[in-house]
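Biologist: Hi! Could you load the model and walk me through its side-chain contacts?
Modeller: Happy to, here it comes.

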Amino acid sequence: MNGQHVFIAGAGPTGLALAIWLRLQGIEVTIVDKSAGPGLTSRAMVVQARTLEFYRQAGLAEEVVAAGNVNPGVNLWVRGRKRARIWFGDAGSAVTPYPFILVFPQDQHERVLLHRLERLGVTVQRNTEVVAFAQSANGVQVRVRQADGTERVHEAAFLAGCDGARSAVRNLLGAGFPGGTYQQVFYVADVTLRGEAVDGQIHVALEAADFLALLSYDRQGHARLIGTVREDREDVDSLTFNDVSHRAIDGLGLSVAQVNWFSTYRVHHRVASRYRDERVFLLGDAAHVHSPAGGQGMNTGIGDAINLAWKLAAVCKGEAAPALLDTYELERRAFAERLVETTDRVFSLATSESRLASVVRQHLVPSVASLGYGIRPVRQRMFRVISQTLIDYRNSWLSVGETGRVRGGDRLPWVRFEDGTDNYAALARPAWQVHIYGEAGAELKQWCASKALVLQAFPWSSHCSDAGLVRDALYLVRPDMHVALTTARARPDEVQDYLSSRSLWPRRAGGG
């Protein structure tokens, strides 16, 4: 049994991200998918700032941003008038190097990830699906059915189910998937448009009868439309674009020149009853599905992958006790539950046909959005929630300490320095690091060198204080760029006690 091998079922963005991050940390992977090739239609559309921060670790961020369409904000329309503009440029400029929403169709996104994985020496095995698995104390045996109908058994240390909402791994695991399905039917269309709103930005129409979101791929009129099918119809599977209401489309002043793809679907909201059973894990849509409100779904799955990858790598390489893997479900399932609850409220308000919801949607929401946008802390929090830069793991047993506004479990605050550099440049690969903003003592420098643990000492500036950091305090940063330990006493014994008490031995990881 290969103790440094992970088997991944599903080659969507979640599975591909997991495979890439495992390979970056020296772990062998096998990744299979039951489809014949990557998707040909754009499903998930939005790449959030936190995902781009992760992609920077893998050398992917610049390529993805260049290929996508940068949307600096969202425009809210009611009855043919633009009622509010939520602009993220200045709200996120002190939070992240990516203060925008990136629209990047999933089919193109997957190809970028596939190319990166291939450069790491891994090719997806297509037309291959998991049909059974068996666990033992030493690993897991995964039985797959291949394109020609023959079956083969793979041996690995762990199995990751990234195989979507109808996950075979989840079903074989016997994990529940409680939740429900929204009553409304939605349509999605990739179109070529003309009109005032074809400006490369995101536009949302909050009409009495219709809901519509416009996400532009570019400034040449190529866009995704997401709308509601209001009529209670039994023939939704046979509907065409001409059959759905165009009231909101007309309200945005849009003219549809061409429909490139159209489909209808129902939206579900579910969270798996468990994310792990011994050596088997669930990630992405196999673990949680929710409304498209806020463009959170795909980004949450990628976040699952980054969270789990460094933990699997550490255990596979003997740099952490197996108990570390317990924190995956602890950290990620709690976030998924909060996300489903939040998006459910937003989605229900945006799509409800009740008179009260219509009044709130058309009058209160634009007014509150405009008022909130005028208050900088509110504006910044709105951006941080949507961009997923507000995610924290404060309730995890990996999270310790509080200095300034930073607590153990928080995402490491991003700081841009006077010379134009930033502290995230130091996080160029997934590994443990010690950060000091100010002066690092000789004893700490010597200890980190002896442990092959990277020590980053950054010059103190007002930007550090603005980000909530404390001068000369110590921040032990996890491989996923979250703070594990923070203490005002930047002493080696603080770090040693933390690592020892949690059975973490990152020396070998830090030493390459």
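**Salt bridges, cores and rings**

Modeller: Let's begin with a charged pair: Arg 489 and Glu 494 form a salt bridge, with their closest N and O atoms 2.3 Å apart. A salt bridge here is a side-chain nitrogen of Lys or Arg within 4 Å of a carboxyl oxygen of Asp or Glu.

Biologist: What kind of model is this, and which pLDDT cut-offs apply?

Modeller: This is a predicted model, where local features need pLDDT of at least 70, side-chain atom pairs count only at pLDDT 80 or more, and totals for chains, interfaces and linings use all residues. Residues are numbered from 1 along each chain as its sequence is written, and side-chain values use heavy atoms, with hydrogens and water left out.

Biologist: Thanks! Back to that pair: is Glu 494 buried or exposed?

Modeller: Glu 494 counts as buried because its relative accessibility is 16%. Arg 489, at 46%, counts as partly exposed. The cut-offs are under 20% relative accessible area for buried, over 50% for exposed, and partly exposed in between, with a 1.4 Å probe and protein chains only.

Biologist: How many salt bridges does the structure hold?

Modeller: The structure holds 19 salt bridges. One of them joins the side chains of Arg 394 and Asp 410, at 2.7 Å from N to O. That pair links distant parts of the chain, 16 residues apart: Arg 394 is in the loop between helix 11 (376-387) and strand 20 (402-403), and Asp 410 is in the loop between strand 21 (406-407) and strand 22 (433-437). Helices (H or I, at least four residues) and strands (E, at least two) are DSSP runs, numbered from the N terminus.

Biologist: And why is Asp 410 classed as buried?

Modeller: Because its relative accessible area is 9%.

Biologist: Which residues are linked in a network of salt bridges?

Modeller: Glu 129, Arg 143, Arg 145 and Glu 151 are. Within that group, Glu 151 bridges to Arg 143 with the closest N and O atoms 3.6 Å apart. Glu 151 counts as partly exposed at 39% relative accessibility, and so does Arg 143 at 35%.

Biologist: Switching to the nonpolar side, which residues touch the most other members of the largest core?

Modeller: Ile 8 and Leu 476 do, in a core of 135 residues. Helix 8 (residues 297-316) gives this core its largest share, twelve residues. A nonpolar core means a set of buried Ala, Val, Leu, Ile, Met, Phe, Trp, Tyr and Cys residues joined through side-chain atoms within 4.5 Å.

Biologist: What does Ile 8 touch?

Modeller: Leaving out residues up to four places away in sequence, Ile 8 touches Gly 15, Leu 18, Ala 19, Leu 22, Val 29, Thr 30, Ile 31, Val 32, Ala 160 and Cys 162. Contact means heavy atoms within 4.5 Å. There is also a second, separate core of 23 residues, which includes Val 236, Phe 241, Val 244 and Leu 254.

Biologist: Nice. How many aromatic pairs are there?

Modeller: The count comes to 13 aromatic pairs. Rings of Phe, Tyr and Trp (its six-membered ring) pair if their centres lie within 6.5 Å; planes under 30 degrees apart count as stacked, over 60 as edge-to-face and the rest as tilted. Phe 417 and Phe 458 have ring centres 5.5 Å apart and planes at 15°, so they are stacked. Phe 417 lies in the loop between strand 21 and strand 22 and Phe 458 in strand 23 (residues 454-458), so their pairing ties together parts 41 residues apart in sequence. Both residues, Phe 417 and Phe 458, are buried.

Biologist: What about Tyr 437 and Phe 458?

Modeller: Tyr 437 and Phe 458 form a stacked aromatic pair too, 5.0 Å centre to centre with 15° between the planes. Here strand 22 provides Tyr 437 and strand 23 provides Phe 458, 21 residues apart.

Biologist: Where does the charged end of Arg 170 sit?

Modeller: Over the ring of Phe 177, 3.8 Å from its centre. Arg 279 lies over the face of Phe 158, at 5.1 Å from the ring centre. The rule asks for NZ of Lys or CZ of Arg within 6 Å of the ring centre and within 35 degrees of the ring normal. Phe 158 is also linked by ring pairs with Tyr 275, Phe 281 and Tyr 328 into a cluster.

Biologist: Last one, on the backbone: what is the phi of Arg 79?

Modeller: Arg 79 has a positive phi of about 50°, although it is not a glycine. Arg 79 is found in the loop between strand 5 (73-78) and strand 6 (81-87), and it is exposed, with a relative accessible area of 58%.
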